[in-house]
Amino acid sequence: MLSPASSSSLRSWQRYGPLLLLLLLAYFPLFWQLTSFPVQQWDEARTALDALGILVHQDWLVVRYMGEPDLWNSKPPLWTWLLATSIRLLGPTELGLRLPAALAALATVGIVYATATHWLRSHLAGLLAGLVLLTSPGYITFHVARTADFDALLTLTTTVGVVSWLAYLRTGRARWAWATGGAFAAAVLTKGIAGAMFGPGLLLALVLAGSGHRLRRPAPWLAAALVLVVAAVWYTVREAVAAGYLAAVWQYEVGGPAGQQLEGHYEPFSYYFDLLAGSKFALWLLPALAGAGLGWWLPRGSSAWWLSRVVTAVAGSFYLVLSLSQTKLAWYDAPAYPLLALLAAAGLTEAFRLAQAATGRPIGYAARLGGVLALAAFPYLNQLQYLRQLSKVRFENHQLVYGHHLRQQWQQLPELRDYLIGTDGSFNDAPEFYRLAAEYQHGHRVRRLAPWQRDEAQPGEAVAVCGQKAAQAWQQSFQTTVLVQSDSCLTLRLGARR
């Protein structure tokens, strides 16, 4: 069904149509309602604060949290730098935070399309691989392609690295070895040790592909040295600027997560495999397993054989490394989904070709394109239904909606430039991000007070509160007048103390 064809035998719309169609279909999973939900608690809000802090404190080496060096979020700076640049261009908004992740995800889809097209000899196979990735719930979700976390850029860089390594093992061209080194150097600069977790898989791929002789050349060794030098330079410079950084890296990134559970994030060995089969890749898992088997079934040396062996070795080793680590979080396997999408596309493409050979009849291009779209239709619609629900997230935690309310306040009371944010006292960095954003973007003077700090407020001040718990604390202590109301949020003018 997805029969191979040389580019010269295809019409222009057959060569470029699948890519254009994929780019159009990528809009909804990656960009639709991207700003409909507020900055998320925990990692996105903390990362956003670090990025905004770069601009506030004018310090591009030491990221700061509440004015102090952030040692809990001890990742290298590449992603934080990109976020800070985006905030400077687009403002400290949900769009400014999430657009870099969405663009990184779009680039990853493009890499998957190009890889499948080349190695499976079919533009429709590239379309199918891209659609598999766009309909994978483990990839199009919070903390990966839909929020301003590290994992979208990490996935892009590691995908480029694996694909480049595949090309090097087959061709032996030095440029592909250098591309591998550059990609993984960027991955390490994005998320530290997580960027190097594909290392065992790259070595296993070399063995399974029978390409040990490629190590006789200097290029792969120099590329590996590039990764090590880049990492060494960053960690040395950062420790020299503010001591204590390396100890934090060991505690939160290297020794801690690998050897012991951190913050209660312990799961059994089968955790990631259970997620794949249960929800995150369930609809495409069997085709991916079939694609993994092609490396031991197809003729040795065929392009699909190469793709299957190398990608299976890397993805399988990556899951083994993750499963052996003591600290497990659902999004840690994000970099595997482009590889799984390639395997699923390989398995389905070979199945289509076998079916076509069995019938003995040629299948027209329109029918093959329709088959690809029909295959992806249900997962795609299911993904859109999931995305429709994301906008409701802002109603689940009242402490996340300060940004939406403050924008309403700025529109209705533009003269109000000095005010308080009253939280419910729970640990949540989202209100702090919106507080700092108001100071950075509008020059406002904003203090954040928990319920037990309300004695620090004075009658006549205005306070923005979200949620019944936060509002009651102030209404019980002061006579209040409502100035602005939106959703569960109020801006109150404080009167006399009760």
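The side chains of R448 and E432 are joined by a polar contact of 3.4 Å, a polar contact being a pair of N or O atoms within 3.5 Å, of which, within protein, one must be able to donate a hydrogen and the other to accept it, with residues adjacent in sequence counted only if both atoms are side-chain atoms. The model is predicted, so that local features need pLDDT of at least 70 and side-chain atom pairs count only at pLDDT 80 or more, whereas totals for chains, interfaces and linings use all residues. Residues are numbered from 1 along each chain as its sequence is written, and side-chain values use heavy atoms, with hydrogens and water left out.

R448 belongs to strand β4 (residues 445–449); strands (E, at least two residues) and helices (H or I, at least four) are DSSP runs, numbered from the N terminus. With a relative accessible area of 25%, R448 is partly exposed, a class between buried (under 20%) and exposed (over 50%), for a 1.4 Å probe and protein chains only. Beyond four places in sequence, its contacts (heavy atoms within 4.5 Å) include I421, T423, P431 and R435.

| Partner | Atoms | Distance |
|---|---|---|
| E432 | side chain to side chain of R448 | 3.4 Å |
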